[in-house]
Amino acid sequence: MSAQIRTFALVWLALILLLAMTVAAAFLPLGPAKPFVSIAIAIAKASLIFWFFMHLREDTGLLRLAAVGGALWLLILLLLMSSDLLTRT
Amino acid sequence: MSDASPLQESADPPPPRETPEEQVSYLRAGYSLKSWFFTTDHKRIAILYMVAIMFFFVVGGAAAVLMRLDLATPSADLLTSDGYNRAFTMHGVIMVWFFLIPSIPTTFGNFLIPLMIGARDLAFPRLNLLSWYIYVIAGFFTLYSLVAGGVDTGWTFYTPLSTMFANGHVMAALSAVFIVGFSSILTGLNFIVTVHKLRAPGMTWGRLPLFIWSHYATSLVLLLATPVLSITLVLLAAERMLGVGIFDPALGGDPLLYQHLFWFYSHPAVYIMLLPAMGVVSELVAAAAHKQVFGYWFIAYSSMAIAALGFLVWGHHMFVSGQSMYASAIFSLLSVAVAVPSAIKVYNWTATFYKGSVSFDPAFLFAMSFIGLFVIGGMTGLMLAMLAVDVHLHDTYFVVAHFHYIMVGGTVSAFFGALHFWWPKITGRDYTKMWGGLTAVLIFGGFNMTFFPQFLLGYLGMPRRYHSYDPEFQVLHLLSSAGASILAVGYMLPVFYLGWSLRWGKPAETNPWGATGLEWTVPSPPPKHNFEEVPVVVEGPYHYPLKHPASRD
Ligand code: HEM
Ligand SMILES: [Cu+2]
């Protein structure tokens with residue numbers, strides 16, 4: 001039990017760290033790479049939540065597939081939307 | 001299976017008031033209001049949905065009648081311009097979210113999925129009832145916005161019209177669509193879990209009826225697409241009510257973001273409307289031809305392919321919205337790709353008819369209308385997906401005709417086909433086939449007369465969403481309005497002969513069409529818990545010829 005609490009606390013710390021990175025990245029002069037950096041950090045956060053807080057680590061393949069599916073579909077939305085956003089003249 | 005006319009019928013001794021099958025059926029399992037409104041029986045919930053959905057079909061249809069009357073003359077005489085805007089908006093909102101999207105899944109899907117896979121109910125019966133209540137609550141929001149004066153944004157709620165300029169009851173309509181989304185999500189979830197977990201022994205994935213495959217694919221789309229719509233509507237509300245800058249460039253928003261998000265839901269949503277109809281048609285075609293369907297796996301997997309590819313084409317609604325040329329080219333290409341799995345289905349259905357002993361019972365006439373009208377709708381979709389062609393045709397009546405061929409010619413025909421096919425199973429009574437056939441023909445004729453002229457109108461340059469137009473367009477508009485009146489008669493006829501059958505129809509056999517499928521092995525109407533004993537499945541679907549007394553073979 002206490003080992004589990006330790007894991008959750010560590011994951012929480014990692015999430016806070018990533019949040020700090022998001023905020024920091026907003027002020028860095030990253031130019032057009034900016035959205036990609038923040039999306040990458042967001043993906044890292046989401047993965048931690050999926051894996052630990054949502055217990056996917058203990059679940060069967062089918063449930064993991066369902067969760068990955070949801071995330072993948074969000075990526076489809078962002079990817080094809082960027083094909084417009086990044087090439088508009 | 002004799003085709004008795006009502007006249008002969010009354011000469012014969014009247015059919016029994018109640019058959020032994022009916023006495024133990026789900027229909028007689030309790031008569032109180034409570035036994036209906038608190039039921040968890042998927043078959044009763046299907047009937048609750050049927051009543052609610054037909055109500056909205058009539059309300060949405062009434063708006064269409066107003067529009068077609070107004071359009072009979074070039075001048076703006078029946079409705080004010082504002083009134084006309086509200087009529088087409090309410091027509092679109094009601095028909096899309098309160099009829100077409102729930103139509104086949106929540107009625108026939110609800111009723112048939114457990115029966116077809118050999119289960120006693122859906123996986124979550126109470127969730128099923130809850131989704132009906134959510135639908136009804138959302139329905140009240142729609143009716144409120146309608147009675148309070150309507151909405152004038154069009155069913156697409158495009159910004160900045162919906163955020164800055166529209167002064168109708170936008171928030172009420174948005175809430176209705178937002179709420180009804182949860183009903184969709186719950187239904188999709190329920191179907192997915194049911195198909196995974198409740199299949200009878202021996203009912204492998206390869207033995208699932210194609211109706212189940214298409215509903216499975218539909219449920220995936222419901223789950224993956226609907227949340228995006230919900231979030232989009234919340235963002236829209238945040239900008240309209242609170243002035244949060246999301247879509248308005250003056251506030252730092254992106255002017256095309258709304259369209260991207262909306263169509264990321266709404267193109268897949270057109271497949272939510274179409275896939276269940278394709279599942280119905282697969283069943284009807286196999287039963288009509290009395291043959292194993294040609295290319296079972298092609299039809300099954302093409303449903304899955306449509307569900308997935310349908311998410312990649314939304315930008316074809318934005319070719320002239322200011323979307324980048326590069327993105328438009330990608331979306332154009334992907335739109336061509338999505339037509340492939342649809343075409344596969346059409347070829348397979350047609351090949352199934354080849355050398356079949358094809359029956360022309362009413363349900364099958366509807367199935368054949370579906371195939372023909374869907375081909376026209378799909379092919380014109382391909383035309384619209386061509387960049388240069390779309391510049392000419394965008395926002396004209398050509399687009400209106402395109403999607404009505406698919407959503408009305410396709411999905412509504414399939415809905416009526418399903419109604420005529422499974423009516424004896426659902427109600428336990430046979431209707432008069434002659435009337436069913438006549439209705440199918442009237443609807444097919446009336447439909448084409450209504451919507452074919454709209455292709456021509458659009459090509460000639462008549463824009464959509466206007467109620468006054470150049471006099472040169474009047475002949476085509478008048479044809480269309482006249483066709484709509486035939487169509488309306490066609491849609492109303494079943495009320496009479498199907499209603500008649502409830503009291504005076506002959507009791508239906510267990511398997512009146514001699515079709516395969518577990519639903520045809522239980523009595524008509526089915527008992528409360530579907531199966532006395534859980535069936536064990538030993539062969540694939542569509543195992544014709546049948547060794548069954550009612551078989552035509
Ligand atoms: C299969 C079922 C389909 C349904 C139910 C459907 C429905 C619709 C609807 C409702 C619209 C109009 C939206 C609006 O502006 O209000 C539309 C437009 C359009 N559809 Fe379809 N469609 C289907 C298939 C297809 C296919 C297969 C293609 C192309 C491969 C296609 C291409 C288009 C295009 C390009 C437009 C936009 C036209 C324009 O606004 O300029 N559709 N469709
Ligand atoms: Cu589309």
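Reader: By class, which residues make up the shell around ligand 1?

Author: A class count sorts residues into nonpolar (Ala, Val, Leu, Ile, Met, Phe, Trp, Tyr, Cys and Pro), charged (Asp, Glu, Lys and Arg) and polar (the others, Gly among them). Here the shell holds 12 nonpolar, six polar and two charged residues. The model is predicted: local features need pLDDT of at least 70 and side-chain atom pairs pLDDT 80 or more, while totals for chains, interfaces and linings use all residues. Residues are numbered from 1 along each chain as its sequence is written, chains are lettered from A and ligands numbered from 1 in the order in which they are written, and side-chain values use heavy atoms, leaving out hydrogens and water.

Reader: How many residues surround ligand 1, and which are the closest?

Author: A residue counts as near if one of its heavy atoms lies within 4 Å of the molecule. By that criterion 20 residues surround ligand 1, the closest being Ser335(B), Asp390(B), His394(B), His402(B) and Arg464(B).

Reader: Which helices each supply at least two residues of that shell?

Author: Helices are DSSP runs (H or I, at least four residues), numbered from the N terminus. In chain B, helix H10 (257-289), helix H13 (362-384) and H15 each supply at least two residues of the shell. H15(B) gives the most, with five residues.

Reader: With which residue does Arg464(B) meet in a salt bridge?

Author: A salt bridge is a side-chain nitrogen of Lys or Arg within 4 Å of a carboxyl oxygen of Asp or Glu. Arg464(B) meets Asp395(B) at 3.4 Å, N to O. This pair links distant parts of the chain, 69 residues apart: Asp395(B) is in the loop between helix H14 (387-393) and H15, and Arg464(B) in the loop between H16 and helix H17 (474-504).

Reader: Is Arg464(B) buried or exposed?

Author: Buried means under 20% relative accessible area, exposed over 50%, and partly exposed in between (1.4 Å probe, protein chains only). Arg464(B) counts as buried because its relative accessibility is 14%, whereas Asp395(B), at 36%, is partly exposed.

Reader: How many salt bridges are found over all chains?

Author: The search of the whole structure finds 10. One of them joins Asp152(B) to Arg86(B), with the closest N and O atoms 3.8 Å apart. Asp152(B) is buried at 13%, and Arg86(B) is buried at 17%. Elsewhere, Glu18(B), Glu22(B), Arg28(B) and Arg429(B) are linked in a network of salt bridges.

Reader: How many aromatic pairs does the search find?

Author: A pair of aromatic rings is described by the distance of the centres and the angle of the planes. Rings of Phe, Tyr and Trp (its six-membered ring) pair if their centres lie within 6.5 Å; planes under 30 degrees apart count as stacked, over 60 as edge-to-face and the rest as tilted. There are 51 pairs over all chains. Among them, Tyr405(B) and Phe447(B) are edge-to-face, at 4.8 Å centre to centre and 80° between the planes. Tyr405(B) belongs to helix H15 (residues 397-427) and Phe447(B) to helix H16 (residues 433-460), 42 residues apart.
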